[in-house]
Amino acid sequence: MAQVSMTVNGKAASGEVEGRTLLSSFLRDQLNLTGTHVGCDTSQCGACVVHVNGEAVKACTMLAAEAQGAEVATIEGAANADGTLNVLQQAFQDHHGLQCGFCTPGMVMSAAALLKENPKPTEAEVRDYLEGNICRCTGYHNIVKAIMAASGQNVDSIAAE
């Protein structure tokens, strides 16, 4: 067992982990941050996306020990300081970018990384960026619409595929 320490959602966090403990397991099991979902354990679905030192990372493919000393952001830390939904989360709600909600934390965290890199993405760029995230409910149309709305773009002309 090894001791691991990091900052998670702006707060110091630490715990003992086995060398094989995934970051997703550490967040969920030791820190009780269950918004980081585990859908596949193979880096295929994107439900576990968190930010590590400002970069979007699939937490099921990163060892907790690799996050030693890192700044980690999870969906639990995405809301505004007063607890209200941030612009992106609100856009997901307003544009029905979620259905069952399982993929939503990973989608929101991936979308936040996209908008940080590209504040005004095209529809094609959003779809391309989300290629590593799977949603089995919405067909992506409303997710794309929500992300573009969060970027301040008019989404009235986006047609369903």
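Ser110 is found in helix α3, helices here being DSSP runs of H or I with at least four residues, numbered from the N terminus. With a relative accessibility of 4%, Ser110 counts as buried, a term that applies under 20% relative accessible area with a 1.4 Å probe and protein chains only. Leaving aside residues up to four places away in sequence, Ser110 touches Val49, Tyr129, Leu130 and Asn133, where contact means heavy atoms within 4.5 Å. The model is predicted, with local features requiring pLDDT of at least 70 and side-chain atom pairs pLDDT 80 or more, whereas totals for chains, interfaces and linings use all residues. Residues are numbered from 1 along each chain as its sequence is written, and side-chain values use heavy atoms, without hydrogens and water.

Helix α3 (104-117) and helix α2 (87-94) each supply at least two residues of the lining of the largest pocket, and α3 gives the most, with six residues. This pocket has a volume of about 250 Å³ and is lined by 16 residues, of which His51, Asn86, Leu88, Ala112 and Ala113 lie nearest its centre. (A pocket is an open set of points on a 1 Å grid where a 1.4 Å probe fits, with protein on both sides within 12 Å along at least five of seven lines, and lining residues have an atom within 4 Å of a point; the volume is the space filled by probe spheres set on the points.)

The structure holds zero disulfides, a disulfide being a pair of cysteine sulfur atoms within 2.5 Å. Cys48 is in no disulfide, and the nearest cysteine sulfur, that of Cys60, is 3.7 Å away. Cys48 is buried, with a relative accessible area of 3%, and Cys60 is likewise buried, at 6%.

How values were computed. Buried means under 20% relative accessible area, exposed over 50%, partly exposed in between (1.4 Å probe, protein chains only).
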